[in-house]
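This report is a guided reading for someone meeting the structure for the first time.

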Amino acid sequence: MSGRLEVIWTPVHDKFITWGSDFSLYQVENIREGFSAGCRMSSSTGANLLASTPSTYFAKCVDVYPQSDKDILLAIGYTNGRIILTTFGPTIYDSQGIPKKELFPRYPRQCNAVAWNPIDVNKIIGGLDKHRSEHSVLLWDVVRGSSNYESSNNRNADHPRPISEYGLSETTYSLAWFQNNSKLVAAGMSLKNIKLIDFRDTTKAATSTLTKAVYGVCVDPHNDHYLASFHDSQIYVWDVRNFEKSMVCLTQPKSLMKISWCPTKHNLLGALHKESSLIHLYDIQQSAVANEDFEPSVLDRTVVPGSSKNLTSFSWHETDENRLLTIASNGSLIDYTVFESITLNYAANFNMVWTYGRKTMKCINKSNELFANLDDVSYRMMERAKNGYGLKDELYKNGELVDDDAALANVWNWLYYSEKLVADGTVKNTNSKHPGVRDVLKLDANATKSEAHSTTWLDLPATNNLGVIKQYNHEDRDCALNLCGWHMDTEKFLKFLDRLAEKNAHSRAAALAVFNLRLRTAIDILHKSPDRNLNVVAMALAGFTDDKNSMWRQFCSNPKVKMSDPYLRAMFAFLTAENANYDNVLNENEISVDDRVAFACTFLSDSKLNEYLKSLTTKMISEGNLDGMLLTGNNMDGIRLLQRYLDITGDVQSTALVSVRAFGADLLQETQDWVLSYTNLLDTWQLWHERALFDVMFQAQRPNDKPRQQVFVSCKFCGKSISAYMHGLNRGRGTFSRMGVTANKMKMSACPHCRKPLTRCVICLMHIGTTTGVQDNGDTEANKLVDFSNWFTWCQTCRHGGHSSHIINWFREHSECPVTACTCRCFSVDTISANPTK
Amino acid sequence: MFEAAEINAEHKDLIHDVAYDFYGNRMATCSSDQYVKVWDQIGNEKWTLTSSWKAHSGSVWKVTWAHPEFGQVLATCSFDRTAAVWEEIIGETPGPGERGTRHWVRRTNLVDSRTSVTDVKFGPKCLGLQLATCSADGIIRIYEAPDVMNLSQWTLQHEITCKLSCSCLSWNPSLTNNHPQMIAVGSDDNTAQTGKVFIFEYSENSRRWMKIETIITIMEPVHDISFAPNLGRSYHILAVATKDVKIINLTPIKDNSSIQSGLTKLDVQTVAQFTDHTCTVWRASWNVTGTVLATSGDDGCVRMFKMNYINSWKPVTVLKGDGAVIPNDAHRGSIASSTGVLTPPITQTASYNDSGSMVRNGVNYTLKPTNCPQHIPPRLFKRIRQSFNSI
C-alpha cells in the first residue's frame, strides 16, 4: 500500500497533499511569478513542497479536516486501526490539543476508511476490518474527546470511546457522509451491501442494497440522492430513493482504482483505471419526463492529462471549475483542467462566438484585427460589394475596384476592351459581345486558311539580316491580335510600347518589339531603361545575327544562360529559335497569356495554332486562371473557367458579376447558382440596396422576362381590380387615360368600376387617393403618381392601413393598430424593421 | 492586441449550443439547465439577453434558427426525447404607449423519438419549411410544415434508420433545386468498427431518402458535422469533428449509372486532417463562404483553418478559450499541417448500396418551388395577396 501514491486537494485553495510512504504538503505556484524550484505541474503552474511528515505506521486512508482554512489537519487511518490526527508543524489546532490525538478501537485491525463529517465538523468516522466482538463503523467526536482528555487525565480519556458504533462483525470498506445530513453515512460493507447508517438511531435496520460494489462509495456533492461505488471493473450509480436497483451500471474495460464526483459540475463522475494514464469522465443525465421511469443516459468522455507514466490517483479541486490533480506512479504531478466542451458559431456577418467555461461566452466581431489578418475572400467580397463592385456601368471601373487582384482587374479590363472592339467594328463576324480568341479565329483542325508570308526584320540593315521569318496572316488573326491588345497599326503600336516603358515594363516592351520584328526599337527601349542590367541586355541584343553558326547565337542559345526576367528569356528564345520552333516562347508561363496568344497568332501555322490554343485553354480552365477568358470569351468554356476559378477561390461574387455582365442570356441558366448564392450573400450581409441594384442589372440582361406585378389592389365592394386600371393610367392608355392627362397628380378616391369610395386612411380618415393637405414641391416627384408620404401602406396582419407618413408617425409612439377595437400589434410583426441594428 | 468581448451567459449549467440567425444579429443559446436564451445585438457591440425560458425537461442539446422569411422561429432538441419549434410573438401591451414584450411560444412538440434527440436542423429555404432531427437510437426524421403560416402543424414525412446512434446532422445548404436534397449524419458510437459519417439523398424517383455514401475512413465517434455553404461550387465541402478535424470534398460524378439510378454518385476525398486539438474535437463551424473553418476541441482552444487554394487548408489562428491569441502555436500548427497536406488524399469512389432502410410516413406531399416573385418571402406574399381583398 505504501508504494501507491495518492493526492488530495485541501480546502485551502492552492494547497494539496500527496501521500505514499510520507505525507507532503505542497503549495501551488504560478510559474510566471518567479517560480524556481519545486516540480512543474502544467504550463502555468508548479508546486513547492511546504512540509513533510513521515508516517510511523503504514497509513491506510486519510481525510482532510473540512474546515481547514489556513492550516491543514489530517485524519490518518493506519493498518493497526488507529486514526491519528496530524498537522504539518505548529498550527491553530495546537491549543485545542487536537494534533497527535489518537483514536483507536479496542481490537487493533486495519482501518479502511476515515471521513470527517462535512457539517458537524468535529465528528469523524472510521471504517475498520471485521472483528467478531467489535463494531466496524466507529463515530468519534474529536473535540469532546479532547476536552475529556484535558479535564481529567483518566483512563477513559486515554482511550477515548466512540460516541456511536455500528456493524458488529462486519467489514467496512468505504464510507461517505451525505452532504446535507450530518447523521447519515453510506458505508460499503462486507463485500455484500451498501448500508445507509443513520446515527440518530443505529439500532434501526439501515437502508441497504445488496451489491458487491462496496469500494469507493461516494455521495454526489450536488445531490444527496446519488451514490456511486465500484467493484472490480464496474461502476454503479445508486439513487437512494430507489436503492434496491442501481440506476446505472458502467462496465469498464479495466478494473478501477478510484472514482470521484466532480464538486464543481453536476453529475460528473471521474474514474481512474488500473494501469492507465487516462481519466474517464461520465456525465450522468437523468431527467424525469411526466414521471416516467426511464434510463438515464451517460455521456462518456476521456481526457488525457498527459502523463507518461500510469496514474495512481487523482483529486478534483473543490472550487476551481473542473480542475483536477493527478499523480503518477513515479510521483509526477499534473495539474489539469478539463475544458468544458466548447461550442462555437460563426455568423454571416463575421461575428464569432464560443463558450468559455460553463457560464460565459466570448465573442469577436468583424472589426477585430483577427479577420483583417485572415484576408479571407468573404471579407474582401463584402468590402467590394459595399463599394459597388460589378455595378459600375463602365466595365473597367469594376476592375479598378479590385486592383488588389491583378487577374480579376484584368478580366474586367479585357471585357471592357473586347466590348469596345466589337462595338467599333474592329472585331467583326461575331455574335457575342466578348468573343474569345478561339471564337474569333474560327479554327478547325483540318482547314488551312491563313496565308503564310515571309518577312524580314523591319529596322535592321541588310548585313546581319540574312534569314527570313515566316508569319501568318488572316483577317481573323488580326481580330485575335486586337483582342490580345497587340495593335496592328505601327503608330499605335509604338505608342503602346512607350506606355509600357513608362510603366517600367521595359523588358515586356522590348520583347513585344522583338516579336514585332523591331529589333532596333527594342534596343532603344532597353537602352533607355534605368535598370543597368537591361542596358547590358541592349548591348547583347545589338549583336544579334541570323547566322546559325555565329558565336552570338551559340552563346545565347546555350541553355545555361539563365535570365530571371521571363520576357527577356522569351525574347532570346525567339531570336535563337530554329526551324520556327517557338516552344520556349509559347511555354514561358510567366509571360502574360495575352502576349503568348498574340505571339502564337503571329507565328504559328493554323494547325499548330489550333493545337496550341486548345491545350492552353484546357490548361487555363484546369488552373482556373482568369487570363484564360481571353481564349474562351463568353461561351460555355468561359463558364467552365469561371466555375473552376470559383472552386479554387470561393469568389462567387466575381463569377456571378462577370457572368451577368458579360455572358449571354442563353448561358445564364448555367450560372443561376452563382447568382442565387451571391444575392443570398448580399442578403445575409444586409446589403439590400446592393442586392436590389444587382437584381436590376440582372433583369436588364433578360428584357423579355418581365418581373410580375407583386401586389394587386381590388375594390372591396365590387372586387374588380383597381391596380390594373392604375397600371393602364400610368402608360397613358386604357379607359380612363383622360384622367391622367388632366392632373399631374392622380386623384382617385373611388373605385373606377362601381364608383364606391375606396378605403380610408386610418389616421386622417381620408379615402386613399385623396391628396392630403400637405403639398410637396412637385418637381422632384413629378414622375410619380403620389410621393412616398402619401403612399398607401397597411399592416400585414390586421390589414388596416393608411398613408405611409401617418402610419410611420403613429408607430413612432404606439405598437398597436390605430383602428378602434383592433388589438393587432402591427408594429412588431416584422423584426427587421422593429429591431434596427444600425 | 485584440480583446474578445465577454458575455455572461446566465445559464446555470453547461451551454451545449449557440446559434446565430441568418444575419448574425440574434443569437440563441441552450444549456443543460433546460433553458433556451435569445440574445440581441443592440447597436454594433453589446449583446443583450432578450428572452429566456425553460424549453425542455432535460438538457437542451441544440438550437437552430429558421430562415427569417418564415418569421422568428427556433427549433430545439433535448435529452427529454422531444424536439420543439418556437416562434417569437409580441405579448400584451402592459400599458398605453409601451411596447409589448416579446416572448417565445412553443408551436409544436415533436415527440416521435423514443430516445434523446441529439440534433435538429432546418432544411434550406428553397425546400419550404423542413426540419430534420436525429436521435440516439439512430433514427433520422424529416418533418415538414406544409403551411408555412401554421407552425403548429408538422407532418413526419420520412423516417430513416441509421442503425448507429446519431449525434449530429447537417443539411447540404445548396440554394437551388439543381442538387438533390442531401443530409450528412454523424454517429458518436464508439463500439462498432464502421464508418461513422453517412450521406443521405432524397431520390425524386422513389420519393424516399436513400443512403448514398458511408465515409468509411472515419471510424471514430463524430461530434459535429457541417456542410460548408455551397456558393455555386461544383463540389460540396463537409467538415467533420471527430478525434481530429477532417475536411472532406464531395464531388458529384455525372455518369450513366448515376443518371439511371437517379442517385448522385459522390467522389469522396479527404483533403485535410488536423490533429491540432490533440484529443477530441467538439464543434466545427464555417464562415459564410466556406473558406474559413472554426473548430473547438479538448485542448480548450478555438482554431481556425483557411483554404488557400483548392484542397489546400492551413491553420491560421489559435485562440485560447479566454480569447487570447497563441501566436507561436499557430506557426507550429502550420508546420504540423503541411505534413498533413502532403499525405496523399484518401480517395474512394462511392458505390451505391442499399443498406439504409427508409420508411415514408404522412401525406403524399411533394414540394413544388413556390412560384412567387423572387425576393418576397412566400409567407409575406400570401399575406399581401390576401390583404388587398380586405381593405
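In this predicted model, strand S16 of chain A, residues 193–198, is mostly covered, with 6 of its 6 residues buried. The cover extends to both faces of S16(A): A:Asn193, A:Lys195 and A:Ile197 are buried on one side, while A:Ile194, A:Leu196 and A:Asp198 are buried on the other.

| Partner of S16(A) | Residues in chain A | Bridges and sense | 
|---|---|---|
| S15(A) | 184–189 | 6 bridges, antiparallel |
| S17(A) | 207–210 | 4 bridges, antiparallel |

A:Met189 stands opposite A:Asn193 in S16(A), and A:Leu196 stands opposite A:Thr207 in S17(A). The hairpin of S15(A) and S16(A) has 3 residues between its strands, and in this hairpin A:Ser190 takes a positive phi near 50°.

Strands of a sheet pair through backbone hydrogen bonds, in either a parallel or an antiparallel sense. Elsewhere in chain A, 5 strands form an open sheet with antiparallel pairing, in the order S1-S2-S3-S5-S4. The edges of this sheet are strand S1 (6–9) and strand S4 (39–40) of chain A, each of which pairs on one side only. S4(A) pairs with strand S5 of chain A, residues 45–54, in the antiparallel sense over 2 bridges, and A:Gly46 in S5(A) is the bridge partner of A:Arg40.

Helix H9 of chain A, which covers residues 490–502, contains A:Phe496. Is A:Phe496 buried or exposed? It counts as buried because its relative accessibility is 13%, and the cut-off for a buried residue is under 20%. The C-alpha atoms of A:Phe496 and A:Trp486 lie 8.6 Å apart, although the two residues are separated by 10 residues along the chain.

The largest nonpolar core holds 111 residues, and those that touch the most other members are A:Val437, A:Phe515, A:Leu541, A:Met571, A:Phe574, A:Leu575 and A:Val597. When neighbours within four places in sequence are left aside, A:Leu541 is in contact with several residues, including A:Val514, A:Leu519, A:Ile523, A:Met571 and A:Leu575. A second, separate core has 21 residues, among them B:Phe70, B:Val85, B:Val148 and B:Leu151.

Chain B has 391 residues, of which 62% count as buried, and its secondary structure comes to 3 helices and 27 strands. Among its contacts between residues at least 6 apart in sequence, 48% join residues at least 24 apart.

The report ends with the interface, where 105 residues of chain A are in contact with 108 residues of chain B. About 9,200 Å² is buried between chain A and chain B, and 58% of this lies on carbon and sulfur atoms. On the side of chain A, the residues that lose the most area to chain B are A:Leu344, A:Met361 and A:Arg799, which together account for 8% of what that side buries. How many salt bridges does the rule find across the interface of chain A and chain B? The rule finds 2. B:Glu6 forms a salt bridge with A:Lys362, and the closest N and O atoms of this pair are 2.9 Å apart.

Notes: Residues numbered from 1 in each chain as written. Chains lettered and ligands numbered in written order. Predicted model: local features only at pLDDT ≥ 70, side-chain atom pairs only at ≥ 80, totals over all residues. Heavy atoms only, no water. Pairing = 2+ DSSP bridges. Core = buried A, V, L, I, M, F, W, Y, C linked by side-chain atoms within 4.5 Å. Buried < 20%, exposed > 50% of the residue type's maximum accessible area, 1.4 Å probe, protein only. Contact = heavy atoms within 4.5 Å. Buried area = accessible area lost by both parts, 1.4 Å probe. Salt bridge = Lys/Arg side-chain N within 4 Å of Asp/Glu carboxyl O.
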